[in-house]
Amino acid sequence: MNIKQAKGEITNTLRAYLARDELGNYRIPAIRQRPILLMGPPGVGKTQIMAQIAAETGVGLVSYTITHHTRQSAVGLPFIEHRTYAGREVAVTEYTMSEILASVYGLMEKTGLKEGILFLDEINCVSETLAPMMLQFLQCKTFGNQALPEGWVIVAAGNPPEYNKSVRDFDVVTLDRVKRIDVQADFAVWKEYADRRNLHGAIVSYLDIRKDNFYRIETTVDGLQFATARGWEDLSELLLAYEKLGLPAGREVVGQYIQLPRIAMDFAAYLELYDKYRKSYRVDEILRGTWQAITVSQLRAAPFDERLSVMGLLLSRLSEAAGNVREQDALTDALHGTLRVFREKLAAGAGAQATLSGLIRQRREALDRAREAGRLDRDVRDLSLREIVLLERYRAALSGTDAAGSGEAMEQVRAWFGEETEKRRMLAKETGAFFDCAFRFLEETFGESQELVIFVTEITAGYNLSWYVENFGCDAYFRHNRELLFDDTRHRIREEIAAAKAEE
């Protein structure tokens, strides 16, 4: 299965394991809660989905790469305990608490979360001395005489032997005690994720054209050479940072992340073309409706790959604008809820400064708890920080005004909130104009062609793009989408008629 399906399966398993009956007991007893074994090639997102699952289900997350541990650090150190059996005192060997189990208990103490996921990465690459104890842990959920707390689910991940010479095979006894999920790389699923995370447009556009280069691992005379999903994402982060700083990113830089030379060279050449297209086609001018006739004729005469690249540039810029609207919309919604609490506290007699200070403290504490729990999603983090910045600005501004009474303070804060609402409206209006201009440009350039079909399809599949259209509309998109659906229906009816005639 792909990583998206694996995430859904792990989420469902977690919910089933943590479900309780009417007496408060876990419906599936701990002894039957098999550890989940996630097997798949490196860099497909096995580690990354764990934080997403923890955030979405509201549980804690403790992660360990088990290859970094020795038997002593994972299991604990031995010590002598004296006990009396049948009237005779004997010395007994016991163990200090495992560092891994101690981390679980530590997170429970810090966050108050009693349920969670213990994620053990590279489980089949443990050292020879640690292997027996790890197998016991998977089977019995104990290190020595200490057990994983009830309500904590073990998820382990590993790479198949063809990707790592250090792996060891699990025996049947162990495999018969785990819930195994095998994962494969899937570009379509990764593209969804890339769109949501606003990865660099050149990478998404390039892989759209050369899907076979998305995930490859090859054995050569120089050793393993590879391009992975992790490599593309990390390269995207660097390219975005380099662009902000005005730094060049050539073949050598690309090769530091995409360690399969022919793909690195191919993408580096494409990146140069992508930058060239961005400058020569002047995408921002197109989105503002000020393109020149030569731009239309130039794109009309261009090869298909170049057309796709330019549409990728348009889609990337539209997605960025739609993402800005989505972020402002989320901020406005969060501030609306905060404003309601602020009004209630003022009505109860609290001071404006003290109320804002309390709200800021609550949001910082919530952010810290999520970070401690290992489930801090980047979007949630950024939204919380934006809200905190605004609340601090409100508090500082109120201290320098004459808004002494609760009514005056409320009116002042409401006015500031209105500025954020207006900002959302203006961003949405500007983005709507971008959509309209993009469609007009493509209609003028290509007419009713496959390029328009591709463009509409990409908007439908895009996270930010589809969100914007759903919430703010786009007449050109709906018109072309209806025509596309009509064409699909007409094609299906023709096939059904043809099939019926063939049966006759």
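Which residues have the most contacts inside the largest nonpolar core? They are Trp-190, Trp-232, Phe-267, Phe-439 and Phe-455, in a core of 90 residues. A nonpolar core here is a set of buried Ala, Val, Leu, Ile, Met, Phe, Trp, Tyr and Cys residues joined through side-chain atoms within 4.5 Å. Buried means under 20% relative accessible area, exposed means over 50%, and partly exposed is in between, with a 1.4 Å probe and protein chains only.

Before going on, the ground rules. This is a predicted model, in which local features need pLDDT of at least 70 and side-chain atom pairs count only at pLDDT 80 or more, while totals for chains, interfaces and linings use all residues. Residues are numbered from 1 along each chain as its sequence is written, and side-chain values use heavy atoms, with hydrogens and water left out.

Helix 14, residues 304-347, provides its largest share, 10 residues. Helices (H or I, at least four residues) and strands (E, at least two) are DSSP runs, numbered from the N terminus. Apart from this core lies another, of 28 residues, including Leu-37 and Met-133. As a general point, nonpolar side chains in soluble globular proteins tend to be buried together.

Take Phe-455. Leaving aside neighbours within four places in sequence, Phe-455 is in contact (heavy atoms within 4.5 Å) with Met-311, Leu-314, Leu-315, Leu-318, Ala-438, Phe-439 and Leu-442. Glu-451 sits in helix 18, residues 450-461. Is Glu-451 buried or exposed? Glu-451 has a relative accessible area of 3%, so it counts as buried. With residues up to four places away in sequence not counted, Glu-451 touches Phe-304, Arg-307, Met-311 and Phe-446.

Next, the aromatic rings. The whole structure has 16 aromatic pairs. Rings of Phe, Tyr and Trp (its six-membered ring) pair if their centres lie within 6.5 Å; planes under 30 degrees apart are stacked, over 60 edge-to-face, and the rest tilted. Trp-232 and Phe-267 make an edge-to-face pair, 5.4 Å centre to centre with 80 degrees between the planes. Because Trp-232 lies in helix 9 and Phe-267 in helix 11 (residues 261-281), this pair ties together parts that are 35 residues apart in sequence. Trp-232 and Phe-267 are both buried. Tyr-270 and Tyr-274 make a tilted pair, at 6.1 Å and 40 degrees. Those two tyrosines, Tyr-270 and Tyr-274, are four residues apart in helix 11, about one turn of the helix, and both are buried. Together with Tyr-206, Trp-232 and Phe-267, they form one aromatic cluster.

Now two loop residues. Most residues other than glycine have a negative phi. Asn-198, in the loop between helix 7 and helix 8 (201-209), has a positive phi of about 55 degrees. Arg-282, in the loop between helix 11 and helix 12 (283-287), also has a positive phi, near 50 degrees. Asn-198 is partly exposed at 33% relative accessible area, and Arg-282 is partly exposed at 43%.

Last, the second largest pocket. Which helix gives the most to its lining? Helix 7 does, with six residues. The lining has 48 residues, and among those nearest the centre are Val-44, Gly-45 and Tyr-193. Helix 1 (3-18) and strand 11 (223-227) are among the elements that each supply at least two lining residues. A pocket is an open set of points on a 1 Å grid over the protein atoms alone, where a 1.4 Å probe fits, with protein on both sides within 12 Å along at least five of seven lines; lining residues have an atom within 4 Å of a point.
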